[in-house]
Amino acid sequence: MKEKHIYIIGSKGIPAKYGGFETFVEELTAHQNNKNIKYHVACLSDGEQANFYHNGADCFNISKKNIGPANAIYYDLAALKYAIKEIKKNEYKNAIIYILACRIGPFIGYYKKQLKQLGITLMVNPDGHEWLRAKWSGPVKKYWKISEQLMVKHADLLICDSKHIEKYIQESYRKYVPKTTYIAYGADLTSSLLTNDDEKLLNWYQEKDLSSNAYYLVVGRFVPENNYETMIREFMKSETDKDFVLITNVEQNKFYDQLKLATGFDKDKRIKFVGTVYDKELIKKIRENAFAYFHGHEVGGTNPSLIESLASSKLNLLLDVGFNKEVGEDVALYWNKEQHNLAQLIKHVEETNYSHMESKAKERIQQYFSWDYIVEEYEKVFEL
């Protein structure tokens with residue numbers, strides 16, 4: 001069989017140092033089974049020009065420009081132009097361009113004509129509800145919504161990593177009769193290589209004044225739509241003697257100061273902002289040793305940190321929204337934003353034995369969210 005060329009645009013590139021899309025591309029290429037597929041991955045570069053190989057994928061560098069938030073749009077467009085040029089030059093037949101997120105909608109109509117002429121299939125991952133994020137101003141939110149609409153209109157296939165996003169695309173853009181499919185995000189199911197008496201872990205606990213199984217944990221970006229305020233307020237109302245550990249980015253974050261002012265969390269010794277942890281084995285062990293995990297995300301599709309938590313934490317307490325319920329189903333417990341709801345759940349889980357939930361959650365993730373399974377689903381779609 002002839003090689004099938006897949007160009008992936010929209011992640012910051014591999015090896016993965018960043019978030020969800022980067023990890024996805026890393027795992028997609030690392031777990032490749034089908035040798036007929038040849039991946040080409042756009043990588044955001046600080047100036048390096050030469051292409052390189054990683055996990056067998058051909059990685060091409062696109063230099064970043066100092067143009068603020070518009071850089072992401074420039075980057076996707078530059079990568080798209082590069083992909084079209086390469087496909088044309090090498091006369092690749094039935095190539096696929098897979099764009100992650102909907103940043104370049106206003107421009108995609110122009111390029112779609114070229115893609116059609118070259119027999120290229122345009123696939124798009126619509127990501128989550130980017131236009132709902134609190135960090136964006138009104139005009140930027142409007143741009144995101146229009147961009148999403150135009151990406152949906154011109155895509156040959158939309159690959160949604162959440163059933164709720166797929167339903168939203170089908171209902172909101174019915175007039176375009178969008179072709180969609182659902183493939184979830186994946187999780188690393190291996191246990192941490194660190195032991196409970198590992199020096200690295202013990203030093204971290206000592207430095208943060210923590211101990212195993214005596215803390216609730218949250219990991220995620222420090223943004224309003226992840227509901228840190230509700231979690232902090234409710235935790236402060238609870239009478240638990242455990243700590244609340246927040247692994248998140250708070251440096252120069254306006255939201256952090258606003259929240260401190262609004263809640264006075266700095267006066268509660270149990271609430272501990274501990275910065276970020278980029279060591280994969282260490283963060284995995286911190287998850288494994290948490291008493292329970294809080295997840296408050298309510299904007300977006302399948303959230304990577306939720307799947308990682310279900311794969312490694314003992315007990316998961318999730319905000320009751322469709323995105324989270326479709327992943328957690330009956331292997332997690334749920335809370336809402338009503339006053340005292342989460343505080344009461346904290347009291348309840350400390351008085352009740354939920355030890356059976358850990359193995360149930362791991363089984364669910366193993367069955368539906370392992371990277372081997374996710375990559376197999378992607379390879380089926382790419383070979384169509």
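Biologist: Why is the contact between Asp320 and Lys325 called a salt bridge?

Modeller: A salt bridge requires a side-chain nitrogen of Lys or Arg within 4 Å of a carboxyl oxygen of Asp or Glu. The closest N and O atoms of Asp320 and Lys325 are 3.7 Å apart, and this value is within 4 Å, so the pair is a salt bridge. The model is a predicted one, in which local features need pLDDT of at least 70 and side-chain atom pairs count only at pLDDT 80 or more, while totals for chains, interfaces and linings use all residues. Residues are numbered from 1 along each chain as its sequence is written, and side-chain values use heavy atoms, with hydrogens and water left out.

Biologist: What makes Asp320 and Lys325 partly exposed?

Modeller: Buried means under 20% relative accessible area, exposed means over 50%, and partly exposed lies in between (1.4 Å probe, protein chains only). Asp320 has a relative accessible area of 39% and Lys325 one of 37%; both residues are therefore partly exposed.

Biologist: How do you know that Glu351 and Lys347 are about one helical turn apart?

Modeller: Helices (H or I, at least four residues) and strands (E, at least two) are DSSP runs, numbered from the N terminus. Glu351 and Lys347 both belong to helix H12, residues 341-351. Because they are four residues apart in that helix, about one turn separates them. They form a salt bridge whose closest N and O atoms are 2.9 Å apart, and both residues are exposed. Elsewhere, salt bridges that share partners join Asp209, Asp243 and Lys272 into one network.

Biologist: Which helix holds Lys285 and Glu288, and are these residues buried or exposed?

Modeller: Lys285 and Glu288 lie in helix H9, residues 280-288, three residues apart. Both are buried. Their closest N and O atoms are 3.4 Å apart, and the pair forms a salt bridge. Over the whole structure, a search finds 22 salt bridges.

Biologist: Why is Asn289 called buried, and which residues does Asn289 touch?

Modeller: Asn289 has a relative accessible area of 7%, which is under 20%, so Asn289 is buried. Its place is in the loop between H9 and strand E12 (292-295). Contact means heavy atoms within 4.5 Å. Leaving aside residues up to four places away in sequence, Asn289 touches several residues, among them Asn196, Tyr205, Ser212 and Lys314.

Biologist: What makes Ala79 a buried residue?

Modeller: The relative accessible area of Ala79 is 0%; since this is under 20%, Ala79 is buried. Ala79 lies in helix H2, residues 71-90. Not counting residues up to four places away in sequence, Ala79 touches Ile9, Ala42, Phe60 and Ile62. Ala79 and Phe60 are 19 residues apart in sequence and 8.5 Å apart in space, C-alpha to C-alpha.

Biologist: How do you know that the chain is as compact as a globular protein of its length?

Modeller: The chain contains 14 helices and 14 strands. Its radius of gyration is 22 Å, close to the 21 Å that the globule rule gives for 384 residues, so the chain is as compact as a globular protein of that length. The radius is taken over C-alpha atoms, and the rule is 2.2 Å times the number of residues to the power 0.38. Along its principal axes, the C-alpha trace spans about 65 × 45 × 40 Å. Buried residues make up 55% of the 384 residues.
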